[in-house]
Amino acid sequence: MEQQNKEAVKFESSPPTGIQVVLREFKKDKLAMFSFIGITLLIIALLIAAMILNQEEVLKIKLLERYTEPGVNGYILGADEAGRDMFGQLIIGAKNSILIAISITVIAGIAGIALGIIMGYYGGFIDNLFMRIIDFFMTLPTLMIIIVVVTIIPKYGVIELILIITIFQWMGTARLVRSKALSEGRRDYVSASKTMGTSDFSIMFKGILPNLSSILIVDLTLSFAGNVGIETGLSFLGFGLPPSTPSLGTLVNYARNPLVLSEKWWVWLPASLLILILMLGINYVGQALRRAADAKQRLG
Amino acid sequence: MNTAKDLLTIRNLTTSFRIKDEYHAAVEEVSLSLRKNEVLAIVGESGCGKSTLATTIVGLHNEINTKVTGEILYNNQNLTQLSEEQFNRLRGNDIGFIFQDPLSALNPLMRIGEQIAEGLLYHTKLTKQQREERVLELLNQVGISNPNRVARQFPHQLSGGMRQRVMIAIALSGKPSIIIADEPTTALDVTIQAQILDLLKSLQSETEAGIILITHDLGVVAEVADRVAVMYAGQVIEEAPVQELFRNAKHPYTRSLLNSIPQTHDENDKLEVIHGMVPSLMNLPREGCRFSARIPWINESLHEKKPQLHEIAPGHFVRCTCWKHFHFEGEEGGGTV
């Protein structure tokens with residue numbers, strides 16, 4: 001009897017919750033499931049390994065060990081032209097790239113969400129003003145400006161790089177959130193909240209924001225992948241992180257030397273593969289989330 | 001018309017919407033009053049300005065696209081002059097609002113308990129535990145049998161009737177002296193409608209609140225209202241106590257509305273309709289009797305040039321003089337009534 005009651009309670013709340021929908025979507029899409037588990041483990045492993053590793057030791061120049069081949073002398077992935085351990089550099093570089101991408105995603109995400117909700121909720125003049133500012137930022141040639149700024153700034157490090165990229169990354173999120181907040185903010189439950197005497201701030205961030213969470217998760221996941229790409233791309237071009245700080249981009253940058261490119265594959269190939277795996281994996285996860293957020297595209 | 005007992009007094013209220021840089025009045029020169037412990041029904045077709053009137057009272061229109069003139073007096077305060085902050089102190093506490101569609105008026109991602117407690121959070125100094133107790137009490141009051149479970153559920157897990165009960169609980173949370181119900185039964189089926197109306201009535205007798213009930217269902221009006229204001233094209237065209245209105249309707253529009261209630265005793269009976277439709281906001285004739293276009297068989301000269309409300313019996317007001325000569329199409333015009 002007890003058992004029966006429990007069953008009844010279970011069936012009563014029939015529409016699946018958000019997490020159940022996402023889980024079902026991942027179960028249907030084995031690739032996304034595999035990517036999600038793989039990426040999570042990979043990132044955790046990289047971050048832990050980077051903490052254990054002695055960075056100074058890794059970056060110490062040992063000219064005698066120049067271009068050591070993989071597997072020789074305890075160099076798992078060989079050494080570069082200065083005799084630095086490629087495996088250690090790969091881990092530290094990946095950690096740097098991922099942390100930078102996460103920081104950019106979080107900062108640009110918070111700015112974009114806050115602005116987008118304010119624009120969508122109030123509409124009118126505020127909306128128009130910020131939309132024109134966004135249009136202005138969108139038309140700027142991002143890469144050129146970042147390169148110019150990087151060259152001009154005298155002291156230049158990780159934090160400066162994060163801020164510069166962030167300045168050009170908040171618009172997409174802001175526009176997306178704005179369009180959704182615009183429709184969500186005209187819904188009855190917002191008016192109902194107002195008739196309860198709820199302040200605008202509470203309505204925006206306690207009422208409307210949770211209702212945008214599905215598109216936000218998708219947007220932030222995909223922009224995380226994009227940000228990894230932007231940082232590595234800039235570093236590859238030599239305008240990202242300074243050479244003293246390894247990142248996936250600086251490692252790939254070694255391939256600009258024809259000798260390295262043609263004969264010393266172990267210097268650049270692992271970093272390139274890691275970028276590929278990261279980007280693909282995050283994108284598969286993001287796409288599965290996107291399908292879960294939109295009932296029409298769902299597989300499960 | 002206005003006595004000291006009035007809870008809410010609306011004087012010459014005009015709400016205009018901006019369309020292509022021109023203001024068009026959706027509610028025009030409306031004067032009404034609501035007394036304590038009274039149900040004032042506002043009836044009319046869709047597009048007559050009923051809901052606009054209701055949302056104007058609680059200040060839901062933004063200042064960018066709407067212009068509100070006139071007075072809404074409550075406790076010696078003019079609601080149209082209040083700042084957002086002052087209004088927030090009043091809304092949810094003194095004035096409760098019940099929406100038409102309870103599903104869209106509840107936040108889909110907030111538990112029922114939290115949504116009811118929201119008003120308490122802003123208007124009372126209750127502790128978290130006291131608020132929870134009050135939520136259960138409110139849910140009990142609106143006739144929900146297992147408040148403990150419902151408080152933890154989300155809106156999509158409830159049935160339509162239960163959602164509307166929750167909406168009523170929310171409106172009641174601040175112990176309001178005025179409840180505005182904007183077509184509270186439209187989204188519900190007939191049996192639930194009756195339950196909700198009974199609930200509203202019994203709650204009113206408990207709390208002695210004044211209720212403004214907006215509806216286009218004359219059956220609902222007959223059931224619960226004490227006084228009725230009929231609106232057409234933004235104006236009040238007839239106002240009377242409910243008995244008087246059903247027995248002695250005067251204005252052609254009111255009579256046409258009553259005439260178009262389906263009769264069930266004769267299956268060959270044709271459903272009476274009112275010709276044409278409510279003119280849209282931009283094409284509204286601003287002069288003369290607004291209903292004249294839909295009763296073309298009545299001679300133009302019988303309408304007033306500038307129709308005013310005339311008190312024809314104690315508490316019974318009718319706009320325009322055309323009612324004196326009105327007859328339905330096909331009937332013989334009988335001179336003066």
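**Note on chain B: sheet, domains and interface**

1. In chain B, eight strands form an open sheet with mixed pairing, in the order β6-β7-β8-β3-β9-β10-β12-β11. The edge strands of chain B are β6 (95-98) and β11 (309-313), each of which pairs on one side only, and the twist from one strand to the next averages 20°. This is a predicted model, and the points below should be read accordingly.

2. Within chain B, strand β7 (residues 178-182) and strand β8 (residues 210-215) pair in the parallel sense over five bridges, and B:Ile180 has B:Ile212, in β8(B), as its bridge partner. Helix α7 (residues 160-172) of chain B lies across β6 and β7 of chain B, and runs at about 165° to β6(B).

3. Chain B is assigned two domains, domain 1 (6-225) and domain 2 (248-325), and the centres of these domains of chain B, taken over C-alpha atoms, are separated by 29 Å. Eight residues from domain 1 of chain B and six residues from domain 2 of chain B take part in the contact. On the side of domain 1 of chain B that touches domain 2 of chain B, β1 (6-19) and β2 (22-35) of chain B each supply at least two residues, and the residues of that side comprise five nonpolar, two polar and one charged.

4. Between the chains, 24 residues of chain B are in contact with 17 residues of chain A. To the side of chain B that touches chain A, α2 (84-90), α3 (102-105) and α4 (112-123) of chain B each supply at least two residues, with α4(B) giving the most, four residues. By class, that side of chain B has 11 nonpolar, nine polar and four charged residues.

Conventions. Residues are numbered from 1 along each chain as its sequence is written. Chains are lettered from A and ligands numbered from 1 in the order in which they are written. This is a predicted model: local features need pLDDT of at least 70, side-chain atom pairs count only at pLDDT 80 or more; totals for chains, interfaces and linings use all residues. Domain bounds come from an automatic or database domain assignment. Two residues are in contact if their C-beta atoms, placed from the backbone, lie within 7 Å. Ala, Val, Leu, Ile, Met, Phe, Trp, Tyr, Cys and Pro count as nonpolar, Asp, Glu, Lys and Arg as charged, and the others, Gly among them, as polar. Two strands pair if DSSP finds at least two bridges between them. Axes are lines fitted to C-alpha atoms, for helices over the stretch in contact, and angles run from 0 to 180 degrees between N-to-C directions.
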